[in-house]
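Subject: Handover of a structure and notes on its strands

Dear colleague,

Please find below the structure I am passing to you.

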Amino acid sequence: MEKKSSRRWIAFLSLALLTCIVCIFFISGNFAERSAHIPPDYSMSDLTGILSGSALTEADYRTLYNQAGLGKPAVDALLAKGAAGRQEILEIQQAFFASVPYECTWNSPISKEEHSIGPDGYWQPDTQLAPLEDGDILITKNSHIGGWRNGHAALVIDAESETTLESVVIGRNSKTQDYDKWRTFPSFLVLRLKDTPKEERAAIARSAMDNLNDIPYYFPAGVLSPKYQPPGSVTGTHCSHLVWLAYAHFGYDLDSDSGMIVTPKDIANSPLLEIVQIYGADPDSPWP
């Protein structure tokens, strides 16, 4: 009788514990969803005076970064397009300050992601991407497991055709995708390797396509398998590991905390990278 009562008590405690874990998972996830898009907490300024000048100062670049989320590489690329580029900067500024309706949906059995939606309820872009180059890195916080924002990362392998290489989800091999979904994330970062020739960054992108395409998704990469795997011998990867490995093959360690597992947040905070564009996040603290 005592054994039966003990088993019932253990079963009750186990069920109660499981219920608490599930509740914490969903409650923390609901809190996480509130930070999917963080608009500026300051006023929008008139940029026409800066954009009509003949040369920009460092203060001008800082203003454009805070007002439109555009880093120096993006500003220079857009201004090189003349009047059309200046108009694009103003449009990106408008989107930078606008409120963003979004929805959160399951993208795997354990994770969810947010996307901006239009009046019809379908995903729609709320801003535009700055001019990208081969080897650029796309990072978003808009994926979370419960209250933990694991995020997502991608590598631009062909900017002209708007093609990325991504390890997307458990059960699927890495593959090429286009920019479309990135335009619908309520927040994202575009990052570029600092002080590196365009040709070298393009070579990194080509190498990634040769060595990291069609690789099985493997979240424990770095724990249950070596973090660094030489070209031609990669057995498993995940989104941020793919980006990290593409650069590690050329001697660049983008993991800001040098841990066993590299996350999108680790790459976002790498001192080797500069911000090309930021959207839906604090310009002074993109991913604290």
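Strand E2 (residues 112-116) pairs with E4 in the antiparallel sense, over 2 bridges. Within this pairing, Glu-113 is the residue opposite Ser-143 in E4. Please note that the model is a predicted one.

E2 and E4 belong to an open sheet of 3 strands, whose order is E1-E2-E4 and whose pairing is antiparallel. Strand E1 (102-106) and strand E4 (143-144) each have a single partner strand and stand at the edges, so one side of each is left without a neighbour in the sheet.

Strand E5 (residues 152-158) runs antiparallel to E6, and 3 bridges join the two. Asp-158 is found opposite Thr-163 in E6. Together E5 and E6 make a hairpin, with 4 residues between them. In the turn of this hairpin, Glu-162 has a positive phi of about 55 degrees.

E6 also pairs with strand E7 (residues 175-178), again in the antiparallel sense, over 4 bridges. Here Glu-166 stands opposite Lys-175 in E7.

One further point concerns the two faces of E6. In a regular strand, side chains alternate between the two faces of the sheet. Are the faces of strand E6 (residues 163-166) covered or uncovered? Both are covered: Thr-163 and Leu-165 are buried on one side, and Thr-164 and Glu-166 are buried on the other.

With kind regards

Key: Residues are numbered from 1 along each chain as its sequence is written. This is a predicted model: local features need pLDDT of at least 70, side-chain atom pairs count only at pLDDT 80 or more; totals for chains, interfaces and linings use all residues. Side-chain values use heavy atoms; hydrogens and water are left out. Buried means under 20% relative accessible area, exposed over 50%, partly exposed in between (1.4 Å probe, protein chains only). Two strands pair if DSSP finds at least two bridges between them.
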